[in-house]
Amino acid sequence: MTHTPAATVVVLGGRSEREFSIVRELGYRVVLLDEQVPWHCMPWVDVPIDVDVNDFTAVADVIRDDLRGTPPAAVLTHTEPRLPLMAHLSNALCTTPRGLTEQAALNCRDKWRTRTTLKEHGLPVPAFALAATAEEAVQAAEEIGFPVIVKPRDGAGAFGVRLATDDAEVTGAVTALLDAPPGTVTGVLVEEYVDGPEYAVQTLTQNGITRVLSVFRQYVTEPPVFVELGYDHPSGLTEPERSQLDDLVQQVLPALGLDNWISHTQIRRAAEGFRVIEVNARRPGGRLVEMTTAVSGVDMTEAVTRLALGLPQAPEQPTIACARYSSIVFDTAGTLLYDPVPVTDEAAAPIVELEVDPGEPVLPKEHPNGGVYGRIVVFGRTPLEMDEAEQAVRDRLGLRVTAAEGLDWIGEDSREFKSCC
């Protein structure tokens with residue numbers, strides 16, 4: 001097929017071949033822009049370009065230059081930090097901007113804006129405050145009531161999120177965030193700790209109509225840090241609870257201005273009802289996309305690509321009754337040994353993914369440089385089938401951590417990310 005600049009999709013960041021192969025299968029040329037395009041991504045795209053992605057004007061100029069002034073068919077990203085840039089470029093460069101608007105992108109990316117907007121619409125969020133200093137954060141925590149959660153305004157993957165039970169812990173958590181801010185907006189969010197079950201909700205919204213694709217019961221470590229341990233489908237919610245959650249999401253997304261796009265929303269169920277914790281205008285991380293495809297028949301990566309291009313959605317795939325996602329984490333530090341499991345394309349085959357090689361160091365799940373080292377996703381007709389499938393994978397892997405002398409060498413490994421959702 002002969003491509004022209006008019007048949008180009010600009011992709012901002014990305015790491016997975018699937019993100020690019022969908023675009024090319026739909027007949028479009030791919031221009032990939034990133035701060036530094038990874039070597040492994042270059043064979044998957046037509047034009048890789050390194051550019052300062054924090055300079056919106058420079059990025060727009062690079063795109064105009066590559067396309068010789070012809071508007072791109074779409075601008076797309078699957079990377080949360082690039083959502084505001086994507087929405088800005090789509091509005092500035094595309095003949096027909098589609099998908100996420102700049103306002104919606106900022107409403108979801110900035111947790112303070114998310115909370116403020118939803119509160120203004122009378123929707124349930126934790127009590128919250130924005131703090132610019134440790135002193136302001138302590139005052140806010142005392143007004144909200146301990147324990148509280150301290151988090152960055154626009155972080156992702158639970159980076160920097162910490163529970164604090166007193167003034168000293170608030171000061172320590174806030175100081176760490178202000179000394180090494182993970183995001184691009186200033187300030188720290190201090191909010192009420194909602195103690196209750198957590199749910200990951202995936203949606204597809206088109207022309208003002210939202211479909212809840214999946215609701216997974218999420219498991220995390222005990223505070224003060226929150227490391228994802230896994231997800232279950234079905235979620236365990238009763239029919240009335242699920243209906244209440246669906247209704248809440250149907251109100252939350254339009255309040256934030258999200259339409260013709262996807263979302264990954266985290267909700268907790270307190271004694272008094274559901275509270276919205278985060279709304280992310282992107283697909284979930286890790287392998288929750290595959291898990292959502294299995295239980296809903298909708299591939300969120302393909303779905304959002306089609307939304308950005310204004311194309312009809314693909315036919316839905318067959319669905320599976322039960323699915324489980326288990327993070328690979330460790331309780332002790334040492335050297336990891338295991339036997340790799342062959343990858344298979346069989347239907348409903350387990351997904352096994354380790355992000356470190358045998359012989360590499362690992363740290364406990366609560367350690368700042370530890371966390372998630374991989375994941376196992378299994379499917380079945382019943383919870384018992386999933387139990388058996390997961391145990392079979394773990395038996396075959398034979399994961400074991402051996403003690404190592406001089407643990408000061410532990411701290412760096414081959415993972416690009418230490419959390420994913």
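In this predicted model, Asn260 counts as partly exposed because its relative accessibility is 22%, a value that falls between the limit of under 20% for buried and that of over 50% for exposed residues. Asn260 is found in the loop between H8 and strand E12, the latter covering residues 261-270, and it has a positive phi of about 50 degrees although it is not a glycine. Most residues other than glycine have a negative phi, and most peptide bonds are trans. Arg68 also has a positive phi without being a glycine, here near 55 degrees, and its place is in the loop between helix H2 (56-66) and strand E4 (74-76). With 63% relative accessibility, Arg68 counts as exposed.

The backbone also holds cis peptide bonds, one of them running from Pro223 to Pro224 with omega near 20 degrees, where Pro224 lies in the loop between E10 and E11. Another cis bond leads from His233 to Pro234, with omega near 5 degrees, and Pro234 sits in the loop between E11 and H8.

Strand E11 (residues 228-233) is joined by 4 bridges to E14, and the two run antiparallel; within this pairing, Asp232 stands opposite Arg324 in E14. E14 is in turn joined by 6 bridges to strand E18 (residues 374-380), again in the antiparallel sense, and the bridge partner of Ala323 in E18 is Phe379.

Elsewhere, an open sheet of 3 strands has the order E17-E15-E19 with antiparallel pairing. Strand E17 (361-362) and strand E19 (400-402) stand at the edges and have a single partner strand each, so one side of each is left without a neighbour in the sheet. Strand E15 (residues 334-337) pairs with E19 over 3 bridges, and Leu337 stands opposite Arg400 in E19.

Turning to the helices, H4 (residues 102-109) has Ala104, Ala105, Asn107, Cys108 and Arg109 as its buried residues. These buried residues pack against helix H3 (83-93), helix H5 (111-120), helix H8 (239-256) and strand E13 (273-280).

A disulfide is a covalent bond between the sulfur atoms of two cysteines. How many disulfides does the model contain? The count comes to 0, and Cys94 is in no disulfide, since the nearest cysteine sulfur, that of Cys108, is 19 Å away, whereas a disulfide requires a pair of sulfur atoms within 2.5 Å. Cys94 counts as buried because its relative accessibility is 9%, and Cys41, at 0% relative accessibility, counts as buried as well.

The second largest pocket holds about 220 Å³ of space and is lined by 14 residues, of which Gly196, Val220, Thr221, Glu222 and Arg268 lie nearest its centre. By class, this lining has 6 nonpolar, 3 polar and 5 charged residues. Which element gives the largest share of the lining? That share, 4 residues, comes from strand E10 (residues 209-220).

How values were computed:
Residues numbered from 1 in each chain as written. Predicted model: local features only at pLDDT ≥ 70, side-chain atom pairs only at ≥ 80, totals over all residues. Heavy atoms only, no water. 1 Å grid on protein atoms, 1.4 Å probe; cavity = no way out; pocket = protein on both sides within 12 Å on 5 of 7 lines; lining within 4 Å. Points joined across faces, edges and corners; volume = space filled by probe spheres on them. Nonpolar A, V, L, I, M, F, W, Y, C, P; charged D, E, K, R; others polar. Buried < 20%, exposed > 50% of the residue type's maximum accessible area, 1.4 Å probe, protein only. Pairing = 2+ DSSP bridges. Contact = heavy atoms within 4.5 Å.
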